[in-house]
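I opened the model to look up its nonpolar cores first, then its overall fold and surface. My notes follow in that order.

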Amino acid sequence: MSDDAAVMTAAEVLGKALAGHPAVRQVDTLLKELEADTEAKRLMADLRRHEEALLQKEAAGQPIEVAEKHRRQELQQSVAVNPLLGRLQMAQMDYVDLMRRVDALIGGPAAGG
């Protein structure tokens, strides 16, 4: 059985390895670009606000109007065609895939497998 210090050392090594991984670096780079891109940030905020409003309506049992559905599609399309947001979405998918694979390896021994 491993002691706390050994686990923390392994976690530190993993953290450093992840920080240097291209998928992690790419997400970090694109998030910094996003901070400087007011149009992309506005698109993301508009979509998030609209989605939250629709979720609140659903939770309250209110119907979602056709115009609201169309607005959601318009916002999603605007986000999809924004070059920075498209690259960010792809980078985030790569990052999530990396984390899923890491989690599977960590979970294997921890789960007794």
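I looked up the largest nonpolar core of this predicted model. I found twelve residues in this core: Val27, Leu30, Leu34, Ala40, Leu43, Leu47, Leu75, Val79, Leu84, Leu85, Leu88 and Ala91. I then checked which helices supply them: H2 (22–36), H3 (38–59), H4 (66–81) and H5 (83–110) each give at least two residues. H5 gives the most, with four.

Val27 touches Leu88, Ala91, Gln92 and Tyr95. I also noted a second, separate core of five residues, with Ala23, Val24, Leu98 and Val102 among them.

Next I looked up the secondary structure. I count five helices and zero strands, and the order from the N terminus is α-α-α-α-α. The radius of gyration is 20 Å, against the 13 Å that the globule rule gives for 113 residues, so I record the protein as more spread out than a compact globule. For the C-alpha trace I noted spans of about 60 × 35 × 20 Å along the principal axes.

Of the 113 residues, 21% count as buried. Among contacts with a separation of 6 or more, 70% come from residues 24 or more positions apart.

Last, I looked up the surface and the charges. The protein exposes about 8,200 Å², and carbon and sulfur atoms supply 58% of that area. I count 14 positive and 18 negative side chains. The centres of these two sets lie 4 Å apart.

Key: Residues numbered from 1 in each chain as written. Predicted model: local features only at pLDDT ≥ 70, side-chain atom pairs only at ≥ 80, totals over all residues. Heavy atoms only, no water. Rg over C-alpha atoms; globule rule 2.2 N^0.38 Å. Buried < 20%, exposed > 50% of the residue type's maximum accessible area, 1.4 Å probe, protein only. Contact = heavy atoms within 4.5 Å. Areas by Shrake-Rupley, 256 points an atom, 1.4 Å probe, with all protein chains shown as cover. Lys, Arg positive; Asp, Glu negative; His and termini not counted. Charge placed at Lys NZ, Arg CZ, Asp CG, Glu CD. Core = buried A, V, L, I, M, F, W, Y, C linked by side-chain atoms within 4.5 Å. Lists of a residue's contacts leave out its neighbours within four places in sequence.
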